[in-house]
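Subject: Handover of a structure

Dear colleague,

Please find below the structure that I am handing over to you. My notes on charged residues follow it.

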Amino acid sequence: MDNGGGNSLPSGPDGVKRKVCYFYDPEVGNYYYGQGHPMKPHRIRMTHALLAHYGLLQHMQVLKPFPARDRDLCRFHADDYVSFLRNITPETQQDQLRQLKRFNVGEDCPVFDGLYSFCQTYAGGSVGGAVKLNHHLCDIAINWAGGLHHAKKCEASGFCYVNDIVLAILELLKQHERVLYVDIDIHHGDGVEEAFYTTDRVMTVSFHKFGDYFPGTGDIRDTGHSKGKYYSLNVPLDDGIDDESYHSLFKPIVRKVMEVFRPGAVVLQCGADSLSGDRLGCFNLSIKGHADCVRFMRSFNVPLLLLGGGGYTIRNVARCWCYETGVALGVEVDDKMPQHEYYEYFGPDYTLHVAPSNMENKNTRQMLEEIRSKLLDNLSKLQHAPSVPFQERPPDTEIPEVDEDQEDADERWDPDSDMEIDDEQKTLPSRVRRQLIESDAKDQQVGQKVNLDHLRGPDAAEEIAPTKASDVSAMAIDEQPINVEQDNSRKQLDQCYPKLT
């Protein structure tokens with residue numbers, strides 16, 4: 001099979017081939033949040049090594065993302081916040097204490113070497129995936145480094161600095177009247193919900209642990225506001241949910257959403273902290289159960305952007321995202337793991353799948369039925385909502401094919417584009433904290449923090465010191481005879497972003 005073609009194998013009842021674009025930067029595994037911090041970008045490198053040694057890279061177009069620039073990030077984020085991220089360093093942070101507090105940087109979201117480059121890389125992959133989908137250059141785009149769903153317009157939150165998901169959805173909205181966002185991370189997708197809380201062009205659906213758990217939002221009663229009423233769905237779950245219980249909600253709810261909302265594109269955040277045995281999580285999903293969400297979304301044959309997210313038992317994160325890449329491609333991968341540079345992480349069994357635990361499932365059948373009934377009822381109201389004649393989308397722009405060697409990076413987006421999130425100050429339910437902070441807002445501490453104190457000790461199995469950039473040659477991307485291309489598809493003048501008013 002052509003290394004650069006990206007055509008996948010037939011899969012499932014539809015038997016339709018999918019062209020898959022996969023974004024990966026060899027540097028991403030070198031970024032390091034710090035000793036004892038549970039977020040480890042190294043897991044992306046481990047995932048990539050598995051994909052290489054399972055032979056999955058040859059079925060995809062492998063792209064190195066083009067880094068997002070300041071003005072790209074400012075499509076959503078405040079200028080002064082982006083400027084702060086660009087300039088802060090571990091050496092200068094002691095001189096910036098007021099701004100660190102203002103932007104919620106320093107504890108859960110530490111300052112580390114290369115922080116801004118990390119943000120540019122993971123955001124570039126997600127936006128690049130959206131561009132590929134918009135231009136019909138693939139059916140499924142994957143960026144496992146993305147999915148950082150907690151970041152807000154003016155602040156970092158929950159290990160997330162830049163909200164690549166919001167940026168990717170804004171890109172998709174250029175070509176699609178409606179975009180669906182589905183989030184299977186154990187934590188509520190608060191940053192994405194908040195960004196699109198008052199529009200009917202984006203529906204957000206989040207399946208998450210609710211009740212004395214970060215970030216504290218995601219009540220079933222939070223359904224959107226104004227034109228966005230009933231376009232936010234929250235599925236609150238309790239500890240120990242297993243595959244069967246999860247899909248008794250996921251499949252009927254998502255099926256109804258697809259029927260009623262009819263999105264032109266779907267973004268699926270595949271946070272792996274909802275797996276059994278996660279270091280910070282408390283769900284009991286198997287890798288196959290988690291991946292069945294990907295399989296189900298794929299079955300609708302709608303342009304699909306797959307993103308990463310949480311996931312803190314990193315050997316299981318790599319297992320999960322490797323398997324889910326196979327699902328996207330329609331390739332069944334062996335349970336027996338091939339030898340590779342991180343093989344020792346996966347002992348003693350050296351298998352792709354791990355058995356879920358025998359923990360108690362606190363989600364009773366009655367609770368699940370009540371949640372399902374309530375959310376399906378909310379969805380039925382969409383058909384009668386006054387905003388069902390969706391806001392008009394802008395006309396398509398004819399976009400010529402781009403020479404891969406073209407170097408005019410500054411023409412990827414219209415510099416005069418003025419895309420904005422609907423950010424008017426409105427009366428909103430007290431349970432939903434919308435981001436209405438102006439640049440001169442007073443410092444304040446908002447929301448809960450993930451308590452990392454119990455995680456500060458050494459974690460011998462998974463604590464990885466940062467690898468020097470010079471060591472990248474040892475990585476699988478350089479070992480495999482795979483055609484890795486620089487993503488230059490965004491080096492052109494795109495149409496202006498639509499207004500979400």
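Is Asp-335 buried, partly exposed or exposed? With a relative accessible area of 34%, Asp-335 is partly exposed. Here buried means under 20% relative accessible area, exposed means over 50%, and partly exposed lies in between (1.4 Å probe, protein chains only).

Kindly note that this is a predicted model, in which local features need pLDDT of at least 70 and side-chain atom pairs count only at pLDDT 80 or more, while totals for chains, interfaces and linings use all residues. Residues are numbered from 1 along each chain as its sequence is written, and side-chain values use heavy atoms, with hydrogens and water left out.

Asp-335 is located in the loop between α10 (314–329) and α11 (365–382); helices (H or I, at least four residues) and strands (E, at least two) are DSSP runs numbered from the N terminus. Together with Glu-332, Asp-334 and Asp-349, Asp-335 forms a negative surface patch. Such a patch is made of residues with over 30% relative accessible area and no salt bridge, like charges being joined within 9 Å.

Arg-295 belongs to helix α9 (residues 287–298) and is partly exposed, at 31% relative accessibility. Leaving aside neighbours within four places in sequence, Arg-295 is in contact (heavy atoms within 4.5 Å) with Tyr-323 and Val-327. Arg-295 and Gly-330 are 35 residues apart in sequence, and their C-alpha atoms are 9.0 Å apart.

The structure contains 14 salt bridges, each being a side-chain nitrogen of Lys or Arg within 4 Å of a carboxyl oxygen of Asp or Glu. One of them joins Lys-152 to Asp-190, with the closest N and O atoms 2.8 Å apart. Lys-152 lies in the loop between β3 (140–143) and α6 (164–172) and Asp-190 in helix α7 (residues 190–195), so this pair ties together parts that are 38 residues apart in sequence. Lys-152 is buried, at 2% relative accessible area, and Asp-190 is buried at 7%.

A salt bridge also links Asp-238 and Lys-209, whose closest N and O atoms are 3.3 Å apart. Because Asp-238 is in the loop between β6 (232–237) and α8 (243–261) and Lys-209 is in strand β5 (residues 202–209), the pair ties together parts that are 29 residues apart in sequence. Asp-238 is partly exposed at 23%, whereas Lys-209 is buried at 9%.

Yours sincerely

Notes: Patch = residues over 30% accessible without salt bridge, like charges linked within 9 Å, V, L, I, M, F, W, Y side chains within 5 Å. Areas by Shrake-Rupley, 256 points an atom, 1.4 Å probe, with all protein chains shown as cover. Lys, Arg positive; Asp, Glu negative; His and termini not counted. Charge placed at Lys NZ, Arg CZ, Asp CG, Glu CD.
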